[in-house]
Amino acid sequence: MAAPHLIVSFASVLPEAALAAQRDLVLPNTRALLAALTESARDSADELSLTPPHERALARAIGLTGDDGHLPLAAVFAARAGIEIQSDGGATAWGLLTPAHWRLGTDQVGMTDPDALGLDESVSRALLDAVRELFESEGFGLHYQHPTAWFVTHPAFGQLRSASLDRVVGRNVDRWLPADASARLVRRLQNEVQMLLYTHPINAEREARGALPVNSFWLSGCGTAAPFDWPSGLQLDTSLRSPALNEDWFAWSRAWGALDAGPVAQLLAGLRQGQSVRLTLCGERAAVEFSAQPRGLMQRLRASISRPDLPALLETL
């Protein structure tokens with residue numbers, strides 16, 4: 001089995017309101033693990049990059065390359081879902097289509113976390129069938145995966161740069177919409193889908209019972225399918241994602257505690273058993289990887305009498 005490698009998304013967050021929660025975290029296993037490991041790699045950008053640090057870290061871990069906003073992760077997730085990602089004619093370009101609720105404000109359009117819509121399979125499939133003709137008439141191929149994930153293929157995705165859904169939730173969508181020539185078809189389809197779903201019976205029923213309508217979609221993970229290798233020991237933990245995106249810092253702190261007591265504790269146990277473990281902590285700007293590295297006597301002595309400044313580390317992510 002490959003060495004355990006845990007990638008943690010949203011290990012750190014940027015809003016000022018989160019700093020107190022971040023500094024008050026009590027994570028004994030994380031602190032002990034970091035004291036025994038050495039920083040081995042750091043990937044920094046800024047919070048406006050199209051591809052967030054945890055997706056960049058995942059791509060590196062599976063041997064996938066690409067520019068910002070152009071990592072073909074949709075094809076990776078489709079392959080792991082058992083979908084054939086190569087066509088008879090060669091590599092196919094894929095995207096991840098997420099049904100969404102766009103909320104209209106006084107001066108901007110924001111996106112609600114799709115997981116908060118409470119979609120089930122029957123409703124999601126019915127919505128997919130409702131928009132299918134719009135897509136297929138333009139040469140798109142559609143594949144249902146689960147209520148908030150539909151895979152879509154189209155040659156244009158080979159060149160299209162797209163922002164991760166995790167960049168857009170809770171923010172103004174205009175900042176993240178693709179603007180190049182290859183995105184014109186996508187923008188037109190977004191408009192047509194919005195018009196079609198505006199009066200759809202499913203949304204009428206949802207609004208009648210106080211639920212948010214599904215009135216648009218988000219496209220992400222675009223790119224041409226490429227070879228990748230997902231190591232058996234690799235785990236991407238997204239348990240901090242939902243509370244972070246919804247700015248629920250109490251829930252985020254509790255989720256960090258559960259992560260510390262679960263996957264991180266397992267990683268620490270593996271290290272003590274002689275496994276060559278890796279931990280990658282990702283924020284909104286940077287990802288830092290820690291691994292077991294040979295240490296000199298003085299380094300081992302320092303590690304035995306000190307603990308890393310976890311809040312300071314998290315604030316660099």
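**A walk through the chain**

E247 is found in the loop between α9 (241–245) and α10. Its phi is positive, about 55°, although E247 is not a glycine. The model is a predicted one.

Now take the chain as a whole. It has twelve helices and 13 strands. Its radius of gyration is 21 Å, close to the 20 Å that the globule rule gives for 317 residues, so the chain is as compact as a globular protein of that length. The C-alpha trace spans about 65 × 45 × 35 Å along its principal axes. Of the 317 residues in the chain, 51% are buried. The accessible surface comes to about 14600 Å², and carbon and sulfur atoms account for 52% of this surface.

How do contacts relate to the sequence? Among contacts between residues at least 6 apart in sequence, 75% join residues at least 24 apart. The single residues described below can be read with this figure in mind.

Begin close to the start of the numbering. F10 lies in the loop between β1 (5–8) and α1. Like E247, F10 is not a glycine, yet F10 has a positive phi of about 55°. Is F10 buried or exposed? Its relative accessibility is 5%, and buried means under 20%, so F10 counts as buried.

The next stop is the pair of helices α1 and α10. Two packed helices are described by the angle between their axes and the distance between the axes. For helix α1 (residues 16–23) and helix α10 (residues 249–272), the axes come within 10 Å and cross at roughly 35°. The crossing of α1 past α10 is right-handed. Which residues meet there? On the α1 side they are A17, A18, A21 and Q22, and on the α10 side W249, W252 and S253. Sorted by class, this contact has five nonpolar residues, two polar ones and no charged ones.

Helix α3 (residues 53–61) is another case to examine. Eight of its nine residues are buried, so α3 is largely enclosed by the rest of the structure. The buried ones are P53, H54, E55, R56, A57, L58, A59 and A61. After α3 comes G63, which has a positive phi near 80°.

Leaving aside neighbours within four places in sequence, A61 is in contact with H5, I7, D229, P231 and L234. A61 and A21 are 40 residues apart along the chain, and their C-alpha atoms are separated by 30 Å.

The last stop is R206, which is in helix α8 (residues 201–208). How accessible is R206? Its relative accessible area is 3%, and under 20% means buried, so R206 is buried. Apart from neighbours within four places in sequence, R206 is in contact with L117, L119, A211, L212, P213 and V214. L25, by comparison, is 181 residues from R206 in sequence and 38 Å from R206 in space, C-alpha to C-alpha.

Methods: Residues are numbered from 1 along each chain as its sequence is written. This is a predicted model: local features need pLDDT of at least 70, side-chain atom pairs count only at pLDDT 80 or more; totals for chains, interfaces and linings use all residues. Side-chain values use heavy atoms; hydrogens and water are left out. Helices (H or I, at least four residues) and strands (E, at least two) are DSSP runs, numbered from the N terminus. Buried means under 20% relative accessible area, exposed over 50%, partly exposed in between (1.4 Å probe, protein chains only). Contact means heavy atoms within 4.5 Å. Axes are lines fitted to C-alpha atoms, for helices over the stretch in contact, and angles run from 0 to 180 degrees between N-to-C directions. A crossing is left-handed if the near helix is turned anticlockwise from the far one by less than a right angle, and right-handed if clockwise. Ala, Val, Leu, Ile, Met, Phe, Trp, Tyr, Cys and Pro count as nonpolar, Asp, Glu, Lys and Arg as charged, and the others, Gly among them, as polar. The radius of gyration is taken over C-alpha atoms; the globule rule is 2.2 Å times the number of residues to the power 0.38. Accessible areas come from the Shrake-Rupley method with a 1.4 Å probe; for residues, only the protein chains shown count as cover.
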